[in-house]
Amino acid sequence: MCSSDLSSISLEVIQEMWQKDSEVNQDELDTESLKIPQLHAKYYQLYNTILLLRRQAEQQHSSILLERRKFYMGKAETQVYIDEPFPYKVRDKEDLKLYLEADEKLSKIRLKIDYYETMLKYLEEILKQISNRTYQIKNAIRSEEHTSELQSPDHLVCRLLLEKK
């Protein structure tokens, strides 16, 4: 996946990827354990890309906020009012706050930031699960070894003798 693909990735795509990647083949635990670093790198790269996109959106939000504040206060360039007429000059801070909260351009960028935040939280959880995968695989291998030891012929004879007593 190249970096240009990463910038347009959606939460749904990440969820589908994790649905496939989260499966552990119990018959090939050694191979599964070798895939852990690759999985971590894959999702960490996604995390960093989304983090940068969120920071970019936050910068856009700051710029748009300044632009819209000037717009509502009557301090924007004349061309702005020709393109988007606004007959008032908002002077009261509370009124300005209400206009900014209801502003469509600001709402869109806030939604974008919230979406990136949701993606980041989801990726953080994936990275935690990948980190824990080592322990899960190690425990599965121990359990398998313990089960196979108990089923060995020596142990079966001992168990049969114990059951007769």
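## Around F71

R68 lies over the face of F71, 4.3 Å from the ring centre. This contact, like the others in this report, comes from a predicted model.

A pair of aromatic rings is described by the distance of the centres and the angle of the planes. For F71 and F86 the centres are 5.2 Å apart and the planes are at 40°, so this pair is tilted. F71 belongs to helix 3 (residues 29-73), while F86 sits in the loop between helix 4 (78-83) and helix 5 (93-102), so the pair ties together parts that are 15 residues apart in sequence. Both F71 and F86 are buried.

F86 also pairs with Y88, and here the arrangement is edge-to-face, with 5.7 Å from centre to centre and 80° between the planes. F86 has a relative accessibility of 17%, which is under the 20% limit, so F86 counts as buried. Y88 has a relative accessible area of 52% and is exposed. F71, Y72, Y81, F86, Y88 and Y99 form one aromatic cluster.

## Salt bridges

The whole structure contains 10 salt bridges. One of them joins R54 and E117, whose closest N and O atoms are 2.6 Å apart. R54 is in helix 3 and E117 is in helix 6, so this bridge ties together parts that are 63 residues apart in sequence. R54 is buried at 14% relative accessibility, whereas E117 is partly exposed at 29%.

E84 meets R68 with the closest N and O atoms 2.9 Å apart. E84 lies in the loop between helix 4 and helix 5, and R68 in helix 3, 16 residues apart. D103 lies in the loop between helix 5 and helix 6, 35 residues from R68. R68 is buried, with a relative accessible area of 3%, and D103 is buried at 3% relative accessibility. Through shared partners, salt bridges join E67, R68, E84, D103 and K105 into one network.

Helix 2 covers residues 11-21, and its buried residues are L11, I14, M17, W18 and D21. These residues cover an arc of only 120° around the axis, which puts them on the same side of helix 2. E16, Q19 and K20 are exposed on the other side.

In soluble globular proteins, nonpolar side chains tend to be buried together. The largest nonpolar core here has 32 residues, and Y43, I50 and L123 touch the most other members. Helix 2, helix 3, helix 5 and helix 6 (104-150) each give two or more residues to this core. Helix 3 gives the most, with 12 residues.

Notes
Residues are numbered from 1 along each chain as its sequence is written. This is a predicted model: local features need pLDDT of at least 70, side-chain atom pairs count only at pLDDT 80 or more; totals for chains, interfaces and linings use all residues. Side-chain values use heavy atoms; hydrogens and water are left out. Rings of Phe, Tyr and Trp (its six-membered ring) pair if their centres lie within 6.5 Å; planes under 30 degrees apart count as stacked, over 60 as edge-to-face and the rest as tilted. Helices (H or I, at least four residues) and strands (E, at least two) are DSSP runs, numbered from the N terminus. Buried means under 20% relative accessible area, exposed over 50%, partly exposed in between (1.4 Å probe, protein chains only). A charge sits over a ring if NZ of Lys or CZ of Arg is within 6 Å of the ring centre and within 35 degrees of the ring normal. The arc is that of the directions from the helix axis to the C-beta atoms. A nonpolar core is a set of buried Ala, Val, Leu, Ile, Met, Phe, Trp, Tyr and Cys residues joined through side-chain atoms within 4.5 Å. A salt bridge is a side-chain nitrogen of Lys or Arg within 4 Å of a carboxyl oxygen of Asp or Glu.
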